[in-house]
Amino acid sequence: MVIRNFCSVSPLSLEKATNSTAPEVDPRLLKSIKLVVRSSDSEVRLSVQTLMEKMKRDHSQVRYLALLIIDELFMRSKLFRSLFVVTLDQFLSLSVGFRRHLPLPAPPAVASVLRSKAIEFLEKWNVSFGIHYRQLRLGFDYLKNTLRFQFPNLQQNAARIQQERREREIRSKEILLKKFESLKENLSSIKDEIQLTIDEIRECLDILHINEDGSMAMGYAEEDVEEFRCSALQQIRLDSLREGEKVHENSDNKAVFDVLKELYKVLVMRHFISVREWISVLVRVEPTDTRFRDSTLKEFINIRNCLQSIKQSCEQSGCSLPNTKNHEEEDLWEEGKIEAFANGSDDALNKPSEDLASASFVNEEKSKAPDCSNKDSKGSETVVHEGDGSDSTTSLKRVLLADAPVMSWGSFLDNWGSNRAVLANQRGLELESHWGRVDYDASIPAEKIAELNVQAIMYKEEQVEIRPCLAPLSKGGLCQRRDLRVCPFHGPIITRDEEGNPVNQTPLIDEKTLDLGTVVAEKLAKQAVKNVRGRDKEEIKKKENDRQSLKRAKLAKVREHNVTVLREAAIASTSRSEIFVGDEEAAGGNRLSVREKKQTLASMLHKKVTSKDRLAERLLNTRTRDATIRQLTQGEDASYREAYPNQW
Amino acid sequence: MWKEVGDRETGKRRPYSFANRIRSDRIDSLNLSNYKEIVSVHRGAINTLQVFESVFRVFRVMSQASSSGSGSPELEGVFILATASGRKKLKDDIARIRDKYNIPESVYIHYLAKDSLANPFGETTVVYEQQLAADLRFPLDPLVEEVLRIVNLAHGQLHLTFCRFMSKVDLTEGRYLLSGASDGSAAIYDVQRATDHQEGGLIAKHKCIFVVDRQHEHGHKYAISSAIWYPVDTGLFITGSFDHCINVWDTNTTQVILNFKMPGKVYRTAMSSIATSHMLIAAGTEDVQVRLCDIASGAFTHTLSGHRDGVMTVEWSNSSEWVLVTGGCDGAIRFWDIRRAGCFLVLDQSHSQLGRRPPLLERSVTKVLASRSLPAGQSSFVKSRTPQRKTAFGNGAKQLPIYRVPSHTKGFMGQRLHPGMLSSGDRATAHYGAVTGLKVTGDGMYLLSAGSDSRLRLWDIESGCNTLVNFETVRLQTSKALQLAITQDSALVFVPCMTAVKAFDVWSGQTSLTFRGHYEYVNCCWFSSQDQELYTGGNDRQILVWSPSKSEADEVEEGSSKGKMSAMDQDNWSD
């Protein structure tokens with residue numbers, strides 16, 4: 001009883017499942033189909049038949065959904081497989097479309113998806129069941145070796161990637177081990193070197209700080225008192241305090257500073273990086289004796305911390321690297337110190353050293369760059385931003401910025417304000433890639449450069465809206481000609497109302513200049529009369545409109561009545577149709593919207609070609625054609641060269 | 001099936017009809033074989049296939065003292081079943097055979113003519129080897145029963161149940177498949193012994209034993225259109241090609257021993273399997289004339305003219321060794337008696353008769369048999385060619401129908417023409433368009449022809465009439481010669497229909513089986529009646545094997561032995 005019930009359900013549910021525009025089968029429907037098919041062998045037979053019929057439908061979407069269902073059942077039922085493979089060649093020609101006289105049907109987008117999916121499924125089936133079904137092997141072999149279809153080759157690809165990854169890991173491990181071994185050998189020398197640098201830096205710092213001890217202590221004491229202030233302000237204050245505390249470079253300690261800078265550079269550029277590398281090597285390496293690894297790791301971490309503190313004290317005493325790249329790396333490495341360090345770099349920027357000029361120049365450029373898009377707001381913002389750093393320099397700057405012109409960006413900015421001569425023909429490279437004489441002395445004078453780099457500005461026309469003529473035309477409508485003063489057909493352009501009747505404004509304009517009282521009164525009277533008439537006309541029009549709309553409403557009412565009467569009659573005639581009518585009513589309410597929204601299988605067949613598509617197609621066509629022509633000629637060339645090696 | 005086995009055991013069913021029943025059951029279950037896989041070496045369309053079926057078979061009968069199965073079996077005797085021609089050949093070198101099949105001098109060799117058995121068509125029959133070995137209570141093939149009857153007679157007390165083994169000694173029968181392809185290559189495959197097994201014995205791959213192709217110094221330059229075995233043994237095979245050549249190859253040395261230059265592309269070659277007195281290759285070419293090439297002398301012996309266009313297909317009669325049938329691109333099918341000039345019959349599609357002539361059937365069978373056994377018997381006695389030709393002439397003349405001379409040629413050309421050319425004016429056609437395939441039934445009484453008009457016609461050779469059987473062909477390939485195959489009892493004909501092969505009932509024309517597996521057009525098929533296997537070759541360069549599906553008992557056995565492998569192909573309902 002149950003089985004017989006299902007028998008009628010299977011084709012129906014298959015029909016329903018394949019009749020949709022969705023990119024996949026409704027999972028609930030699919031589940032029910034599987035349940036039904038599983039119930040008996042006859043169901044399996046029936047489903048094979050029905051699905052093959054669906055595959056023959058002249059619509060790629062139907063075929064695609066059928067293909068998805070086939071895959072589900074194929075992977076599950078043995079009977080399904082054994083029945084299905086018998087017609088595999090037919091199935092493949094319907095899903096892959098390899099026969100020239102049987103191309104895939106209409107929606108081309110779905111058809112290509114269908115093809116790729118079918119090929120993917122065939123590969124999957126062949127991998128898992130190929131040894132049991134000769135037909136699968138045959139089909140796969142034919143598509144792959146005879147028609148040269150590209151299979152996704154999932155399994156092999158995955159295996160290959162795995163293999164590659166493994167190899168890479170092994171290689172990197174070997175490298176790590178090698179590094180570790182070398183570290184073992186010259187650990188002491190590395191440590192000694194670092195220690196030496198640290199000691200020297202310490203000495204330098206000591207020399208610098210000897211005479212500043214007293215004031216430092218005072219500063220810290222003051223700081224303790226003012227704890228209650230908000231942290232930002234405190235920070236600012238602290239910064240400025242420190243700024244004051246700083247030992248500035250002067251003629252006395254210049255030598256010490258130079259040494260310190262040199263050492264700092266070595267510290268940052270070499271030791272820091274090498275220590276970091278060694279730590280990462282130690283963390284990643286898996287040696288046989290972990291004890292050595294752990295101990296050295298500990299040592300390196302200590303060294304690193306030591307270096308960090310030294311570095312900080314260096315920076316406090318006014319050393320910094322001009323290139324910002326290093327700072328960024330630092331940030332990545334030590335997250336805990338970002339804030340303090342950022343302050344430090346700010347200090348470095350605002351410090352009145354020789355760095356300032358270049359830094360401010362950079363800033364200026366930065367602020368200029370966005371200026372070309374939106375005008376003043378950004379610029380002022382950057383000015384304000386700069387203002388909160390330090391007062392004395394920026395107030396001047398603000399004044400300057402206020403009356404500095406805003407320039408759009410261009411290549412002339414590269415040589416802004418420079419008055420250097422530029423060397424020419426230094427490398428001996430002359431025109432057209434030929435090497436020529438080298439003239440080391442040849443140079444282009446700065447004036448010439450300046451001449452060459454004159455700022456270029458595109459002329460921008462002011463957009464003026466030209467009014468249309470708007471005179472009434474004999475065929476109806478208004479004249480849309482846009483002339484400046486006089487329309488060649490309708491004379492001078494004047495303001496007109498909606499219907500094209502001239503509104504006499506010219507006298508109104510003239511009125512101010514002429515200032516004649518009588519004329520004004522006349523004009524006003526005329527205008528008033530006209531206005532009244534216009535109002536009357538409008539009223540008449542409105543009335544007419546009202547009448548028409550009333551009529552329409554009446555007609556609609558009559559029609560509605562008719563429909564309801566007819567519907568009632570229909571309901572009375574059959575009991576079943578009631579449900580149908582109910583449906584109709586429900587659907588009728590938003591029929592319009594449904595028509596707009598709902599995609600049907602038929603609608604998928606209509607191709608929507610936009611102008612963009614057309615253009616793209618043309619472009620592609622010419623491009624591919626060119627490419628193939630080029631390829632072919634290249635091939636010819638090559639073969640010719642091969643054939644006659646001593647003649648070309 | 002088991003009901004019929006029971007019937008046979010109780011004696012209700014005759015052995016011959018039982019064997020036939022089994023055979024037809026096996027044919028009905030033909031399916032694309034997953035187990036046998038021929039690894040095609042060809043890089044072009046397969047145009048022709050042939051499995052060697054010899055004219056004699058050797059059996060070795062072993063016996064055991066008791067039915068318990070202990071003790072090694074003893075050799076009781078050796079039986080050679082042969083057609084008349086095969087027997088003649090065998091007598092000449094009996095020592096070679098003893099040596100080849102390892103038969104001691106003490107064992108006597110019995111000879112059995114195939115046509116001396118109760119089998120009306122003198123066909124070879126199948127021995128179910130493994131079944132015999134397993135249980136002799138299983139009913140036997142009539143041929144085997146005949147052998148055993150003689151064994152019983154010879155040894156008096158030897159009982160059926162003590163006879164434990166009866167194995168085929170002759171290993172060439174139905175074993176070697178010859179194929180020719182469009183890339184000019186011909187290859188030989190062993191279809192009974194696989195070269196290697198894969199996937200735990202689930203797939204047996206048959207790789208070619210050797211291949212001769214363009215690289216060979218005497219290989220064909222262009223497509224091979226026809227490759228056939230020398231009918232007596234596997235020592236020779238013959239290939240015809242589009243490069244206008246027919247080569248005769250020595251199988252063992254893979255060298256060309258004879259080469260015939262033809263006037264045009266060779267479409268089809270044929271040798272008579274029943275011939276005892278000639279070794280002629282009939283060749284249909286682009287040229288209008290059919291030529292007969294003699295292997296013995298290496299020269300053309302006959303040039304048969306009558307066709308108005310190239311000759312697509314040639315076929316020797318199965319009832320007389322002198323009769324040749326040719327089908328041309330002009331749509332004509334002509335019958336030639338090679339002892340006489342000209343053709344004696346041109347088939348006309350409008351000349352028809354309904355049905356199968358049941359009353360005539362019995363008579364014609366006896367007649368055919370009589371006419372066939374006579375020259376065979378003679379040939380064993382008479383060595384010289386002249387008297388034989390005389391007797392054969394008399395014999396053949398009886399067989400030949402009256403020459404039908406078309407009326408319109410009679411008036412003014414009749415006197416001048418050579419009597420052999422009389423029928424050359426007969427423009428009757430058997431098909432609209434070219435005749436692409438011909439096949440004579442096993443008893444030599446009917447002819448099946450395929451044409452480029454997508455029709456299949458069954459002709460009664462005796463009367464030369466179209467029997468008007470309507471074959472349900474959809475479409476046939478038109479540009480190439482087709483190779484048809486027919487079962488031995490002439491029940492089914494296998495026809496390549498575009499990408500599929502269809503099996504039609506010969507007498508009703510209904511489609512009984514459809515074999516879909518090729519992805520491009522199928523050109524040729526060969527039915528091995530011994531194993532009931534169908535081999536097909538097509539433009540997709542594949543040779544497919546269609547074999548009877550295994551019985552359930554076999555499958556159970558297999559399943560238990562390879563439990564792991566078969567577990568993979570199971571239902572897998574996760575939800």
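Buried means under 20% relative accessible area, exposed means over 50%, and partly exposed lies in between. These legends describe a predicted model.

**View 1. A:Leu470 has a positive phi in a loop of chain A**. Its phi is near 65 degrees, and the residue is not glycine. Most residues other than glycine have a negative phi. A:Leu470 sits in the loop between helix 20 (446-452) and strand 3 (486-487). The relative accessible area of A:Leu470 is 24%, so the residue is partly exposed.

**View 2. B:Ser454 has a positive phi in a loop of chain B**. Here phi is near 60 degrees, again in a residue other than glycine. B:Ser454 counts as buried because its relative accessibility is 15%.

**View 3. Acidic residues of chain A form a negative surface patch**. The members are A:Asp497, A:Glu498, A:Glu499, A:Asp536, A:Glu538 and A:Glu539. One of them, A:Glu538, lies in helix 22 (residues 517-573). With a relative accessible area of 56%, A:Glu538 is exposed.

**View 4. Lysines and an arginine of chain A form a positive surface patch**. The patch consists of A:Lys523, A:Lys526, A:Lys530, A:Arg533, A:Lys537 and A:Lys541. Among them, A:Lys537 belongs to helix 22 of chain A. A:Lys537 has 57% relative accessibility, so this lysine counts as exposed.

Notes: Residues numbered from 1 in each chain as written. Chains lettered and ligands numbered in written order. Predicted model: local features only at pLDDT ≥ 70, side-chain atom pairs only at ≥ 80, totals over all residues. Heavy atoms only, no water. Patch = residues over 30% accessible without salt bridge, like charges linked within 9 Å, V, L, I, M, F, W, Y side chains within 5 Å. Areas by Shrake-Rupley, 256 points an atom, 1.4 Å probe, with all protein chains shown as cover. Salt bridge = Lys/Arg side-chain N within 4 Å of Asp/Glu carboxyl O. Charge placed at Lys NZ, Arg CZ, Asp CG, Glu CD. Helix = DSSP H or I, 4+ residues; strand = E, 2+ residues; numbered from the N terminus. Buried < 20%, exposed > 50% of the residue type's maximum accessible area, 1.4 Å probe, protein only.
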